[in-house]
Amino acid sequence: MTIEPVTIESNALKPDWSAPDKVRAVSTTRAGGVSGRPWASLNLGSHVEDNPDHVQQNRRRLAESTGLKSERIGWLNQVHGTDVVELTPDNVGQVAKADASYTRHPGIACAILTADCLPVLLADREGTVVGAAHCGWRSLCDGVIENLVSAMAVAPETLQAWLGPGIGPDSFEVGPEVRDAFIKHDPEAVHAFKAEGARPGHLMADIYALATLRLNHLGVSSVSGGGLCTVQDPDRFFSYRRDGQTGRMATLIWLN
């Protein structure tokens, strides 16, 4: 199948951090692909009932635009859990059931699919290891970031983090059980919730603040990104909460 001229690069987001040159990262928008509605147009998720051929062509476009080999992008079967997988040349072609990955091998990309959940990227200052986590509220609350930092096996203070596009604090309405679950882990989490949800008894949650709190407690003090709401920016981002059936963006990090 012929790949049309790539338009992903001009639309993609890149972390605003000071990672070493050998660390590369990108977060796609919905633009630059071939999928039709309601997945228009750069849907990279294979589990959302889009035409499989369109998904594969979109993934090839992504690989072409980043200079990666398609078979070296580590797609995951994300289940809102806390499992972490190390990506190596031996397993990167397999689809692991996990919500975070890391690698020390150049040319292998950690990939997270999202459409409201928060993608979190990590890289150490020496450029020896990179990782990515899928942070829906359940996986974040249950410790996916903690598990990823532990698995990367470097001093947390040497890590820097970038928070990609996710559901913003003015759009993320949750029940009180969500607040209670976070507060049970850390009483400081109460500051990330506001008692002003549209539904009685519901609250507005700031997932960026919750992720930053977890990172800071681990010793990761360099945290950038955040502030891009997937729900409120339909031109750039897919949003499951806004649209229901929709596509998925991808956030990738790799060593060059």
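Predicted model: local features only at pLDDT ≥ 70, side-chain atom pairs only at ≥ 80, totals over all residues.

Reply: Residues are numbered from 1 along each chain as its sequence is written, and side-chain values use heavy atoms, with hydrogens and water left out.

Me: How many helices and strands does the chain have?

Reply: Helices (H or I, at least four residues) and strands (E, at least two) are DSSP runs, numbered from the N terminus. On that basis the chain has seven helices and 15 strands.

Me: What is the radius of gyration of the chain?

Reply: The radius is taken over C-alpha atoms, and the globule rule is 2.2 Å times the number of residues to the power 0.38. For 256 residues the rule gives 18 Å, and the chain is close to this, so it is as compact as a globular protein of that length; its radius of gyration is 17 Å.

Me: What share of the 256 residues counts as buried?

Reply: Buried means under 20% relative accessible area (1.4 Å probe, protein chains only). Of the 256 residues, the buried share is 55%.

Me: Which residues touch the most other members of the largest nonpolar core?

Reply: A nonpolar core is a set of buried Ala, Val, Leu, Ile, Met, Phe, Trp, Tyr and Cys residues joined through side-chain atoms within 4.5 Å. The largest one holds 37 residues, and those touching the most other members are Ile-145 and Phe-193.

Me: Which helix gives the most to this core?

Reply: The contribution is six residues, and the helix spans residues 207-218. The helix is H6.

Conventions:
Buried < 20%, exposed > 50% of the residue type's maximum accessible area, 1.4 Å probe, protein only.
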